[in-house]
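Q: I have a model open and would like to go through it residue by residue. Could you take me through it?

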Amino acid sequence: MLDSSDDISVRAILDNLAWRVKLVDSTEPRRAYNYGRTLGFKDKGLEYVILSMSDTDCETCKASQGKRINILDINIESLPPNHPRCTC
């Protein structure tokens with residue numbers, strides 16, 4: 001039988017899991033979308049992509065502005081989003 005401290009531990013684990021699910025759900029679809037677009041560019045014969053950020057993006061993401069990346073060097077981790085919960 002669980003006592004109250006076990007109940008708190010289980011609740012903390014579930015809260016942490018819910019937080020992690022929200023984190024992944026807010027970041028990974030954007031990453032997959034950007035990577036898919038890049039694969040499409042590669043299929044069309046493009047050799048480079050140039051990252052374009054907006055004025056409303058955070059400083060971390062703005063640092064990528066104008067970055068030129070060879071399509072052959074791109075992997076899913078090399079494209080925005082640049083950090084967890086990134087909405088830039």
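Q: Let us begin with Thr38: where is its place?
A: Thr38 has its place in helix α1; helices are DSSP runs of H or I with at least four residues, strands are E runs of at least two, and both are numbered from the N terminus. The model is a predicted one, in which local features need pLDDT of at least 70, side-chain atom pairs count only at pLDDT 80 or more, and totals for chains, interfaces and linings use all residues. Residues are numbered from 1 along each chain as its sequence is written, and side-chain values use heavy atoms, with hydrogens and water left out.

Q: Is Thr38 buried or exposed?
A: Thr38 counts as buried because its relative accessibility is 6%. Buried means under 20% relative accessible area, exposed over 50%, and partly exposed in between, with a 1.4 Å probe and protein chains only.

Q: What does Thr38 touch?
A: Setting aside residues up to four places away in sequence, Thr38 touches Val49, Ile71, Ile74 and Leu79. Contact here means heavy atoms within 4.5 Å.

Q: Which residues form the largest nonpolar core?
A: That core has 6 residues, namely Val49, Leu51, Ile69, Ile71, Ile74 and Leu79. A nonpolar core is a set of buried Ala, Val, Leu, Ile, Met, Phe, Trp, Tyr and Cys residues joined through side-chain atoms within 4.5 Å. In soluble globular proteins, nonpolar side chains tend to be buried together.

Q: And what touches Leu79?
A: With residues up to four places away in sequence not counted, Leu79 touches Arg31, Asn34, Tyr35, Thr38, Leu51, Ile69 and Ile74.

Q: Changing topic, what volume does the largest pocket have?
A: Its volume is about 370 Å³. On a 1 Å grid over the protein atoms alone, a pocket is an open set of points where a 1.4 Å probe fits, with protein on both sides within 12 Å along at least five of seven lines, and lining residues have an atom within 4 Å of a point. Grid points are joined across faces, edges and corners, and the volume is the space filled by probe spheres set on the points.

Q: Which lining residues are closest to the centre of the largest pocket?
A: Of the 17 residues in the lining, Asn34, Arg37, Leu51, Ser52 and Pro80 are the closest to the centre.

Q: Which element gives the most to that lining?
A: Helix α1 does, with 6 residues. Both α1 (4-43) and β1 (48-50) supply at least two residues each.

Q: How do the lining residues divide?
A: The lining has 10 nonpolar, 4 polar and 3 charged residues.

Q: Which residues does the cis peptide bond join?
A: The cis bond joins Pro80 and Pro81, with omega about 10°. Pro81 is found in the segment after β2 (68-70).

Q: Finally, what pattern does the protein chain follow?
A: Along the sequence the pattern is α-β-α-β. The C-alpha trace spans about 65 × 30 × 15 Å along its principal axes.

How values were computed: Nonpolar A, V, L, I, M, F, W, Y, C, P; charged D, E, K, R; others polar.
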